[in-house]
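I opened the model today to look up a few things about fold and assembly. My notes follow the coordinates.

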Number of protein chains: 2
Amino acid sequence: MKQYLKIDEWSIIEESFDPGTQEISESVFSIGNGYMGGRANFEEQYSGHSLQGSYMAGVYYPDKTRVGWWKNGYPEYFAKVLNSTNWIGINIDIDGTPLDLAKSTVTDFRRVLNMKEGTLSRSFTAELEDGKKVQVESIRIVSMARQEIGAIRYSIVPLNFAGQLTITPYLDGDIKNKDANYDEKFWNEVEKQSAEDSGYLTLKTKKLDFHVTSAMAFDILVNGDKTTAQAEAIEQEKYVGSRVAIAVQPNDQVVIYKYAANVTSRNHGLGQLVDAAKAALDSAREAGFVTLLTEQTDAWRDKWKESDIIIEGDVSAQQAIRFNIFQLNQTYNGEDDRLNIGPKGFTGEKYGGSTYWDTEAYCVPFYLSTADASIARNLLIYRYKHLEKAKENARKLGFTKGALYPMVTMNGEECHNEWEITFEEIHRNGAIAYAIYNYVNYTGDQSYLGQYGLEVLVEISRFWEERVHYVPRKDQYVMLGVTGPNEYENNVNNNWYTNRIASWTMEYTLEALAYLQENEPARYAELLEKLELQDSETGKWSEIIAKMYYPVDEEMGIFLQQDGFLDKEIIQVKDVHPEHLPLNQKWSWDRILRSCFIKQADVLQGLYFLGDRYDLDTKKRNFDFYEPITVHESSLSPCIHAILACELGYKEKAYEMYLRTSRLDLDNYNNDTEDGCHTTSMAGTWMSIVHGFGGLRVLNGRLNLNPSNPGHWTSYSFKIMFRGSRLLVSVTDTQVTVTNETDIPASLTIYGQEYTVNGLSSVTAQGTNITA
Amino acid sequence: MKQYLKIDEWSIIEESFDPGTQEISESVFSIGNGYMGGRANFEEQYSGHSLQGSYMAGVYYPDKTRVGWWKNGYPEYFAKVLNSTNWIGINIDIDGTPLDLAKSTVTDFRRVLNMKEGTLSRSFTAELEDGKKVQVESIRIVSMARQEIGAIRYSIVPLNFAGQLTITPYLDGDIKNKDANYDEKFWNEVEKQSAEDSGYLTLKTKKLDFHVTSAMAFDILVNGDKTTAQAEAIEQEKYVGSRVAIAVQPNDQVVIYKYAANVTSRNHGLGQLVDAAKAALDSAREAGFVTLLTEQTDAWRDKWKESDIIIEGDVSAQQAIRFNIFQLNQTYNGEDDRLNIGPKGFTGEKYGGSTYWDTEAYCVPFYLSTADASIARNLLIYRYKHLEKAKENARKLGFTKGALYPMVTMNGEECHNEWEITFEEIHRNGAIAYAIYNYVNYTGDQSYLGQYGLEVLVEISRFWEERVHYVPRKDQYVMLGVTGPNEYENNVNNNWYTNRIASWTMEYTLEALAYLQENEPARYAELLEKLELQDSETGKWSEIIAKMYYPVDEEMGIFLQQDGFLDKEIIQVKDVHPEHLPLNQKWSWDRILRSCFIKQADVLQGLYFLGDRYDLDTKKRNFDFYEPITVHESSLSPCIHAILACELGYKEKAYEMYLRTSRLDLDNYNNDTEDGCHTTSMAGTWMSIVHGFGGLRVLNGRLNLNPSNPGHWTSYSFKIMFRGSRLLVSVTDTQVTVTNETDIPASLTIYGQEYTVNGLSSVTAQGTNITA
């Protein structure tokens, strides 16, 4: 862990150039717009360690599975987000020597991710080996207003020489995914054209035939005037560029405006790709860079209006939460229900597939509270559309009915190939059911059940029905051979969380059926027929609910993570020599498995999800037992613990957990930010403030707040959307003020007291338990 | 499963050519001599499906590990038996058309593995597409008398044409391992030379620098006279050959004698390789093919004298047991203590590494009874030499002391990379300890303990000591996160077999220590110092022995394979629809894992190893519970069940299990013989006759026999070496005759009655329980 980024409320700032942290910065300074995005690679060539990465949402490749030892049931392919055409490239050549920061003496380096306005900028002075110095400033956006557009302003000033600058803006599609299983390239060239100040390149994927056309155009100004220098068009395999040589005097300013459009066959007909790209490109170039910047600032202003969190008295925490919110907003905007939230967003390509249970467990709550309900709904519909594939997946594993959603997916098919995860980490099915409950409960949109939700719930319940079995000796139902959320245990029996979420799914499915029978009888009848649902099935679910086996330890009053958990040697993390941490880097896998140490919330995940069913004492006993043996080596772990710690009044623990989740990538806690940011867990950071310190819960459709102040902040405030109104919740050491920024009145409960906040007005509650 | 091989007492016979079974036959008809060997590929070119395979014992390659998902502790490499220079090749070209059985009409095809004499022969008539017919006969040996020598007599007769035969004997080192992880070739060329009637080729491995020189020489006779045709030497990358064109008339007989020597840097200095190869080659060529054949017959006669088993009244069973014994004898001869018994011998390259626990559990008993004690001793010393690596392996996994022998190895380092096997299938350590006990008990050679055995025992006991842990609530020691012999369960707690063999190892180590203290006090003191053995350690072992936890079910009176086993749904294999079998091909891995079905003996393996500690009733209860839920999908399974079934008087079950183990490859039971034969499990077949039907046990150093007749055989007999004497045990329906073929008297117990068999005489016991 190396902290090299400057603390700032609104920006991420790097103030010197270090090749050793370049790949981390490439991840952290990434920019995107939900449709496309990429790592903060340099425009000019760079020969140091770097992961060149540009990604188009939903454009993927089924890469042939690679395993050491095949297990029946493994998928043939792993769908990977595709690294696609590099559209940012502008090579600079100074009297025959390439400008390359890896081979220059770099001073006054500054890289800034301006999160308020959505820009990535950079400035530096570089002295080449031959002593020539240039000063460079660049600013780059991926447009939030025009999803297919990216733009760059790149300025270069020769400081101490007269000579020739050769400038080559280009599009390079000869790109390889770093994590390709067999070191293959995934793209074929379709067509290309290079002209004097523009060019385009169409590639298609070797499988599935995704087409992507990238088009670029550029203007070069010397001291404010458009250059008259002639450009030379270059075409190579999967590459187009234009080379312009310009004679310069010291202190001349050469500015390149590069515009790029990236369009895909996901949104355009194959025959229209080039025209669509050109049209978008022309429009952007015509608008000009300044206008694009203004549009960008406006678009981000709107985003922040909905989702900003303000923390006063702690700039580091302030920066961190904005960074998390910024990344989430530039990764997914909910406009396209075929998309989902990849674990690294557009910041890297590790973990390939786009969708994990992270979406349902962590991201849905964020979008529920910070965006229109349709966004979270689209995330749910994404799974609805994959229901048939999830049923096929269950059949493939030998189930005669029901649906098992994949652990990792792009198009609904399972991608993952670790048996203990792919086949056994089936609690994911429960999270998908839970997200339906969460959505309906939060939004009050019961119509979702009849339209989409019930079908998913029934098929998941059917899966659970077949996955458990009855043990006559116990007169109970058990579930053998699973992996819970704590992936530091594999193939265990009766993981409490999985048993509980399975049983809960069946309960909720029965509730949903009852709701529809009463309120939408026609749709109810229709669905019964469509699903061929039998009374014997719902009867069986009731029996399983009644007779599900839950491992517990009566003496300690805790739920057991799994059968036999207390046979382990129980050692607390604080008693482990720091040399041994993180376990996942220091210990052999079997040592981790047989230890008591927990990667991420497991029993506690259940106590968070089903928090209204357990009393504080139960939560406390379990938290007190499990948290001290939890190593939080998943980015998804600290947030759940922060939330529960808040609920239990463990403010220091909550704050510790909050810092760990919020600055995970900024401080490179897990020593892996170079692979990309932990995008999905960023929603967890948001949750630790809003559900944690803010104490937000929706109980029986009613908004509840129980804010507390971690004690390190003067005050903090967050915004939430709830049933049409947008509320600003401000928390100081002594009081909570809820301001309704819309004209739709909102009812809510603060510290157990009921309030109505009328449109455009506020209520204030005095908090006795705000501070520790 | 397709039975296409002819039943014969002494030979494996194939009577027609079928490209669809060619790869199976290549495995089954393999020949070798313990030093080298290869698959039954054709001498002439063959364009059909084929795995060309020639292997030199101990010449291996560390192939970079390939996994889907890396786990800490995995080895960097998997050491693979190397497919090396093809020395059998003789290409035949008929007027410009290659002789290629894949492109010819083949009649009168006959391939014979003569196990009595150790020859592979083949004859056929082939009609080429142009109508030309030739008749071919070949016979090939890998010399048991001269380990570096192979020889071929290849005869070809043009039947219906006059024309030109072009004959190209060659050595081809441009060979790839079929299972190379990254599709790489492993050999580089060092030097080569091709002369008129000879040539040599030296290759070295790209890593580890194993050098192999192959040299060939040939003589061609036409109608009995040496041809005068000029040979043209050919040299290509990693290839030497000589092309001879011969004008032939119909019914001319052209005979090629090809001699090859293969020498390696394992046995010769680098500078001497070519000379050594030439010397061996010259000597063989000078002796001539007929002499080599005679030597071969003599050598095999000696082998059979020691190890033959005769079954009367069941030719199929007779053929099968001889096939198993033949394969074992041509795979390993015990002369080189750096070698071990690869899972496929020289018949294929799957599973790479050479040594599994198969050696200790299955092969040691075979060599103990059929060869000089030094052979089994060498197998033990092989592990002794790997002790330091086994200690390193334990350190790598986080243990502060003790040794964990690898799951799969070539040079003592772990090769395998499946966490549930590599890290968890640690019962292998127990089998290595058990083999020491077995050797000492069988041979009476107590000196082994002081010389080698004790060090291994102490380090294994130390491993167990650290691998278990004390659970205060239980006041017992448990062992979590293991995989037992039944690999259809992974990462279980308290596998009965593993707990039992661990505890037994500590018991035996304490016994061995006590023996040495009493009988070899000087060595004892020396070892105590060398091992830095503390009283606290032996004290701890006693405590663990006393307080080891064993899962049992009191009600059923059985040992539980692992904690919670009875929570599974117990279904017998007979109640599984045959469509679902074999499970490992029909079911997803998780379904197998959570089912009750057992791959191979687990609890029962323990009851076999430690058979003298459990009464018949206990064995019966466990067998009756476990065998019906065992699918025997490991080649190592049926033999243990056959042995226990004999002991329990379950003759039909024993016979069923015997057939399954003995004809596994001949009948291609597991549909995978094309990858190579199941060499190590062949020792299990031998065990099912000698330990099973023969009832051989050595109890407190005394030989015990309890023969029974499975009821399908008129009689059977087997030979065993025991403490210097060689005994022929003949069993009919009514009596057992033990004939001492040596002049060293032997004491033994038959059906509980004590006998002494003097040199060169017999005793006969009447058997009341021989038949069912």
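**Conventions.** I am working with a predicted model, in which local features need pLDDT of at least 70 and side-chain atom pairs count only at pLDDT 80 or more, while totals for chains, interfaces and linings use all residues. I number residues from 1 along each chain as its sequence is written, with chains lettered from A and ligands numbered from 1 in the order in which they are written.

**Chain A overall.** I looked up the secondary structure and found 20 helices and 33 strands in chain A. Helices (H or I, at least four residues) and strands (E, at least two) are DSSP runs, numbered from the N terminus. The C-alpha atoms of chain A fill a box of roughly 90 × 55 × 55 Å along the principal axes.

For contacts in chain A between residues at least 6 apart in sequence, 68% join residues at least 24 apart. A contact here is a pair of C-beta atoms, placed from the backbone, within 7 Å.

I followed the pairing, where two strands pair if DSSP finds at least two bridges between them. β9 (105–114) and β10 (119–127) of chain A are antiparallel over eight bridges, and Arg110(A) stands opposite Ser123(A) of β10(A). Their hairpin has four residues between the strands, and there Gly118(A) takes a positive phi near 75°.

β10(A) also pairs with β11 (133–142) of chain A, again antiparallel over eight bridges. In this pair Ser121(A) has Ile139(A) as its bridge partner. The hairpin of β10(A) and β11(A) has five residues between the strands, with Gly131(A) at a positive phi near 90°.

**A four-strand sheet.** I found an open sheet in chain A with the order β26-β27-β31-β32 and mixed pairing. β26 (697–699) and β32 (753–757) of chain A each have a single partner strand, so one side of each is left without a neighbour in the sheet. β31 (746–750) and β32 of chain A pair in the antiparallel sense over five bridges, with Ala746(A) bridged to Val757(A).

**Chain A against chain B.** How many residues of chain A are in contact with chain B? I get 37 residues of chain A in contact with 37 of chain B. β22 (469–471) and α15 (589–594) of chain A each supply at least two residues of that side, and α15(A) gives the most, with five residues.

I superposed the copies by least squares on the C-alpha atoms of residues with pLDDT of at least 70 in both. Chain A can be laid on chain B with an RMSD of 0.1 Å by a turn of 180° and a shift of 0.1 Å along the axis. That is the relation of a two-fold axis. The same surface serves both copies, as 100% of the contact residues of chain A recur in chain B. Val67(A) comes closest to the rotation axis of the residues of chain A, at 2.4 Å (C-alpha).

Methods: Contact = placed C-beta atoms within 7 Å.
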